Amino acid sequence: MPTAFPLPSDLSPATVTNTASLLRIVALSLISGAAIASRLFAVINFESIIHEFDPWFNYRATRVLASKGFYEFWNWFDPTAWYPLGRVVGGTVYPGLMATSGVIYNFLHALNLPVDIRNICVMLAPGFSALTAWATYMFTKELKDESAGLLAAAFIGIVPGYISRSVAGSYDNEAIAIFLLMFTFFCWIKALKLGSALFGTLAAVFYFYMVAAWGGYVFITNMIPLHGLVLILMGRFSSRLYVAYSSWYAIGTLSSMQVPFVGFQPVSTSEHMAALGVFGLLQIVAFTQLVRSHVSSKQFQDLLFLALVTVGLLGFVGVVGLTYKGVIAPWTGRFYSLWDTGYAKKHIPIIASVSEHQPTAWPSFFMDLQFLIFLFPAGVVLCFHQLRDEHVFVIIYAAMASYFAGVMVRLMLTLTPVVCVASAVAFSSLLDTYLDAAEPAEAADDASETASASGSNSGSKKAKKATASAATPGSALGDIVAAATPAKKGEKVKGIFGLDTRLAIIVNAFGMLAFFVFHCTWATANAYSSPSVVLASTNPDGSQHIIDDFREAYYWLRQNTPETAVVMSWWDYGYQIAGMADRPTLVDNNTWNNTHIATVGKAMSSSEEVAYPILRKHDVDYVLVIFGGLLGYSGDDINKFLWMVRIAQGVWPEEIQEPNYFTPQGEYRVDDKASTAMKNSLMYKMSYYRFAELFGGGQATDRVRQQQVPKIGPTLDYLDEAYTTENWIVRIYEVRKEDLLGRDLKSANAFAKGKKRKRSKPVSRRRAIVN
Amino acid sequence: MLLLPLLALFSLSLTRAAPADETRQSLVALAAAGGGLIKLDSASYDLLTAPNRDWSASIEFTALDPRRRCAPCKEFAPSWHSVAKAWTKAPKAHRDNHFFATLDFDDGQAVFQKLGLASAPVVYVYPPTAGPRAKGRSDPSKYDFSHGFEAEPLAQHLSNHTPIPIPYSKPFDWARWTTFGAGFLAFAVTLRFISPVLQSRWTWAIGTILVSLVMTSGYMFTRIRGSPFIGQDGSWIAGGFQNQFGQEVQVIAVVYGTLGFAFVMLTMVIPYQSAQRQRFQIYLWSTIIMLVYSILIVLFKVKNRGYPFRLLM
């Protein structure tokens, strides 16, 4: 048998197998190391700090769990959030993440390792990404073989699409959820392949963990039934499917109902009805199969078929009827807006306002997945080529996830695993073909060649390996690889001629892999490793300049205000204020009460006179706004202002109208030409109060909007400036108490000003930071 | 038939100082003649928006003449007509307290100038200034087109200003349901013939691949944001990382498709070919991959200017 390059001939098959498995272990541990290491940019560039917004709540909850125990955490009522309503945290949270950190914390402390809870929270996501790599390896191994599994693990370890949600410090539910997602899918595939109730139960247990950890569990709840349904429609019903699905559904549903936040949803909302429906359908189909195997009469079988269709239809009509009657809750807005994409913007602006709920443009796909994005269709084609039950799963997953990722940037996270898996299958098939040393003989009926090439499609891999190595012991290494690629066109000779062709492909392929590594490192370092609590800019000499205004402001609140001082801000900053300043907030990132948020929106977008009673009624002591005009920080409140207006308009359409905040030409301006409503709004006044003074009589320019703000800035009668941070990013205002003489504050202020200008102004030490 | 409203108008402009009740009667007559919609000119506009009105009015300012080339006006006209028509179904007592009217640019340039309108269509709602429904304000409010030109949000919004909600119901979409029914029937009839196609895995493969290619090229972005097919200046690629045009979807999908297809060729087709063809094809497809990938990187650099890497180009 001809080979393209010489192979060692004195290796026993046992040596090859042992070396291969050792190499696999080494490779997997290296991949884990790379996965963890590439997520540490944030810690090295900044510090070990919790990122962004939601993680601050998770961190705060974890601290409660670690210091007071699980029972206290479970019954925790937080009176400082959503002031004055409060929040039942134990019942409105997915506790999986906090419980995981709590377990790790207690475990380490039991070993006398006094690790700080913050460091556990910061490092949890990188740690779990290593586990995700392993779970992806296991999953892909079931689809093709170990080598594809290793590639998939490497891909998911460093792909930016997953790193974006799991850098060190990004302590969010997704940090552990993707591992759980992949492992549940692996257990499901394994259960389906083996017809094993054990793996079905394991899938259910991890499904429970997933339910406890992330709202995205609904994706699993619908993927597995969809897979089951498609298999039934393809005529692939089997007792394996029955056992796997029934054990997963029964145990998974019952256990998922133990999470208080989920409760009875699995039997009462539309999101979960597909799983129930397929469960019922499977019972009917199984029953029909059973009866059919015992009855021979043709008429009876027809009758049975009819009965099956009738029962199925009746069940469907029943579910629809119950939904109509209101027993089963219809799709929730968040879920519904995935299908009807205009829905959220019209009816729930609060969902549409979140930046991660925006649709995805193609550069984001390429940024997050790079060359995997075009290998992915090739992998799907290969799945169609083989089309075993597990390949059907990947195909459905691929189609669904690409749609969802297109609708919402955030759901790129669910697409990433399947892209890694499918492209690993494609890439390893390519490598299998071109690394194989065996050259096909020109004559088509070389006996040994046919034997090695036409390994049976569904036979176990070990058997195939055995056949392959038995047929051509001389090229064991190459043939193990060759045997792993099932060849369907059994009669045709498969193989590559020549060495140059192989080299061309292999060099090309490894070049692409290397480019991928560079891309991932660059994307991670530049785009995904900013904590967003601390900002970085570069000084003219190239050194890094840290902008720490957020923490400066939060610590000011913490040190200088009474512990009961209520702080009002837009909801984005609620968790951070609670976490870092430890002060009660009106609204936070939980966004469960639209009216409450709209109240804040109304206060921000109305004039001082209108806003003041609202502030007083809610006991607001301080108002906090984010202002980026000095520094050019574009994520500030003036840029978010239209959403506040829109959300307030949804509740008070008579009082707040979005067009009033635009110029007659329909422009959004903050300069002289700004509309009256805009200029009078509390948000505008708080943002630009005394801003012009900073320029010492020169032209004051807003660096975000690139507009020149009026030289005579707005005046405030009902609020006092309490604190402004170094770069003016955070501005805090104190709400004045009612005038002691019973005048309204405006006239009181005018009176005071008319008498004497006694409000001495401190000399401004602040200067513009050049970045 | 045309004479009647004209005559009515003429008589109206003569009796300018007539009591409001009389004006209302003539407006009612005009509305009835126009099928619920008063076609205004400068004179009747003044009448309708008389300072001591105890009725409300919503007026559409439009420019339907082809010379004005106002595409949005044409788009909005059917919605306006259907809402105005729906109002004729309201009980007479309420109906006569609110009027729907249309003023075309060519009929009342003076009014457009007076109101400072530079664009069309615009909808103004004039509240009543006298009578029980007056709320003390007389300046009109503008309808916000951010909900689009559809009739439904329009009716919903205008209902805030009418005495009773406009009895608008979405017309039954016959065309859509007929198409749907016909499609379903055709499917059922031809099911026997097309079932081999439906049962072929490659039909489904093509479907899945197309779906994932189109979706990963940002199709949903263009759908949801309603981005144009090409830019105003004729460029087909939009600047900016979080933005794209319709044509980019096609180009990127073709690029991804070509690259994916090359890999499929390399793994599934080429290994079965004879030595000569194989070598040629391997070099061919490798070159294609390198070239198309380089183009893709170039396109990405257009979107993300800070991207530091490049391939051949």
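**Ground rules.** I number residues from 1 along each chain as its sequence is written, and chains are lettered from A, with ligands numbered from 1, in the order in which they are written. Since this is a predicted model, local features need pLDDT of at least 70 and side-chain atom pairs count only at pLDDT 80 or more, while totals for chains, interfaces and linings use all residues.

**Chain A overall.** I looked up the secondary structure and found 34 helices and ten strands in chain A, where helices (H or I, at least four residues) and strands (E, at least two) are DSSP runs numbered from the N terminus. The C-alpha atoms of chain A fill a box of roughly 110 × 70 × 60 Å along the principal axes. Of the 771 residues in chain A, 47% are buried, a residue being buried if 20 or more other C-beta atoms, placed from the backbone, lie within 10 Å of its own, exposed if 12 or fewer, and partly exposed in between.

**Annotated stretch.** An unreviewed UniProt entry places the feature "domain: STT3/PglB/AglB core" at residues 566-616 of chain A, and I keep in mind that such annotations may be inferred rather than shown by experiment. Over residues 566-616 the chain is 57% helix and 6% strand, with the end C-alpha atoms 11 Å apart.

**Chain B overall.** I counted twelve helices and five strands in chain B, which is divided into domain 1 (3-158) and domain 2 (174-303), with bounds from an automatic or database domain assignment. The centres of these two domains, taken over C-alpha atoms, are separated by 50 Å. Chain B has a radius of gyration of 30 Å, whereas a compact globule of 313 residues would have one near 20 Å; the radius is taken over C-alpha atoms, and the globule rule is 2.2 Å times the number of residues to the power 0.38. Buried residues make up 31% of chain B.

**Where the chains meet.** I found 48 residues of chain A in contact with 50 residues of chain B. On the chain A side, the elements that give two or more residues are α19 (362-369), α20 (372-386), α21 (389-407), α22 (412-435) and α26 (499-527), and α20(A) gives the most, with ten residues. That side has 32 nonpolar, twelve polar and four charged residues, with Ala, Val, Leu, Ile, Met, Phe, Trp, Tyr, Cys and Pro counted as nonpolar, Asp, Glu, Lys and Arg as charged, and the others, Gly among them, as polar.

**Helix α26(A).** This helix has 29 residues and reaches 41 Å from first to last C-alpha, close to the 42 Å expected at 1.5 Å a residue, the expected span being 1.5 Å times one less than the number of residues. Its buried residues include Arg502(A), Ile505(A), His519(A) and Cys520(A).

Most residues other than glycine have a negative phi, and most peptide bonds are trans. Trp728(A), in the loop between β9 (719-724) and β10 (730-735), has a positive phi of about 65°, and with 23 C-beta neighbours inside 10 Å counts as buried.

Conventions:
Contact = placed C-beta atoms within 7 Å.
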